[in-house]
Amino acid sequence: MRLTVIGCGYLGAVHAAAMADLGHHVLGVETDPARLERLARGEAPFYEPGLDELLRRGARTGRLRYTAALDAAAARADVHFLAVGTPQSPSGRGADLSHLWRAVDSLAAVLPRCVHPDGMPLVVGKSTVPVGTAQQVADRLAGRALVVWNPEFLRESMAVADTLSPDRIVYGLPDETARAERARTILDEVYAPILAAGAPRLTMGYQTAELVKTAANAFLATKISFINAMSALCAATGADVTVLADAIGRDARIGPHFLRAGLGFGGGCLPKDLRGLEQRAAELGANGLASFLGRVDSINRGQRDRVTQMALEALGPDAAGRAVTILGITFKPDSDDLRDSPVLEVALRLADAGAVVTVHDPRGLAGLSRLHPVLRTQPDALRALEGAELVILGTEWKELTDLDPEAAAARVARPVLIDARNALTPSRWTAAGWDYHGIGRPSEPRRSAPRRRALAGTMVG
Ligand code: UGA
């Protein structure tokens, strides 16, 4: 089939490449010249395991091409995917839909008017939007296209697998039966190999489909804030939140995932989708939901305060000039994404307090010193530790959690460690002489030196 994918950011670039891999002829529409140039060369504009290979294959087969603007020729495609970004609005908590409306208007300008729905192309919304948007898109494109809302659930670092083997495919269909039937048939053809492999396909109305996406992200965020709130109680009582999470997670109704206490969630999706849903709930009078989601967000932001406080206490009365090394700066491992990265916020606050902050990250250093010249960067993990008076593990990259505690201890000035992701085995680090502090897990005594005063951040929330 002939497809366009409008917007080739994270979602669109992966979707376009995956659709070409399924055998479709895909035209990616991308207005950012730098991103367009990289994609046209067959290179991923961001780090995503497995994406380069799909892009190269798409370029080699000629099935994956790009353009800066949608023209009349491009508009002859069977299906147009809307995959533009819907970031948090700079002036509030809701979503900024300006890219979406620009994309819809560009489609409206090139799609011919059509008397019968059978002659219309399909426009498939993949972007995350406030509930009620899909109907507005359908209204703007009335007489030119059928509209389906088909949210995406891909995770950064797992994006290729999540797109090609999703847990579920959601179709938000028009109310009218004949239109819904035609839309469903076309989209089934697009996803035929994925559906044939057994992915469940769930059909519903526009509003429910829009809410499935934001509710899923809000629920994941809630699990994380729940365990982070519990970690404060664990810290106050001497309980261990990692053991607690493991034990409650074995109940199949609770499940083991998204119960890792630490610095909390960041990135380009969970925080802004949570706030977008909170804002929409408030607008629509669902005040209980709005205040609940606001609490999930404030607990999450509180984790950044808590780790900053722990670090300042570890540094003593004056942080000025003290050497801090941050291991891992991206919002999660296996990604180079710094958007709303929790540890980046902590690093900047410590630098504000006068600490000399050195950052190491396997993928997140490119552009970091340009964006934040106050942070020093070091591409070698052990060198980054040289002379540190405090080390913070901020992102649980495997190469960082695998570091040898003894080799690391030999480099630092003071072996004090905040494991802000609860990703290390405390006994391994204390055995090597480290003063270990996790989030809501008891600090174990160091083997080679008297135990320091516990950091207050580990004792209270
Ligand atoms: C998230 C969702 O997981 C995807 O399903 C969704 O499609 C995507 O947003 C989106 O809306 O596009 P992603 O932002 O890639 O995916 O990241 P996650 O893997 O969800 O992690 C989010 C944050 O939560 C990270 O900062 C991570 O460190 C943190 N986290 C995760 C925890 O603090 N504890 C956990 O137990 C799990």
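This report looks at the ligand in a predicted model and the residues around it.

## Ground rules

Local features need pLDDT of at least 70 and side-chain atom pairs count only at pLDDT 80 or more, while totals for chains, interfaces and linings use all residues. Residues are numbered from 1 along each chain as its sequence is written, and side-chain values use heavy atoms, with hydrogens and water left out.

## Who's around the ligand

The ligand has 21 residues around it, and the closest are Leu154, Glu156, Lys213, Asn217 and Arg260 (a residue is near if one of its heavy atoms lies within 4 Å). By class, this shell has ten nonpolar, eight charged and three polar residues (Asp, Glu, Lys and Arg count as charged; Ala, Val, Leu, Ile, Met, Phe, Trp, Tyr, Cys and Pro as nonpolar; the others, Gly among them, as polar).

Helix 9 (206-237) and helix 11 (270-283) each supply at least two shell residues, and helix 9 gives the largest share, four residues. Helices here are DSSP runs (H or I, at least four residues), numbered from the N terminus.

## Between two domains

Domain 1 (2-199) and domain 2 (204-461) both give residues to the shell, so the ligand lies between them. The domain bounds come from an automatic or database domain assignment.

## Contacts and cover

Oxygen atoms of the ligand pair up with a backbone N or O atom of Glu156 at 2.7 Å, a polar side-chain atom of Lys213 at 2.7 Å, and a side-chain N or O atom of Lys332 at 2.9 Å. Taken alone, the ligand exposes 710 Å², and the protein buries 92% of that (areas by the Shrake-Rupley method with a 1.4 Å probe).

Key
A polar contact is a pair of N or O atoms within 3.5 Å; within protein, one must be able to donate a hydrogen and the other to accept it, and residues adjacent in sequence count only if both atoms are side-chain atoms.
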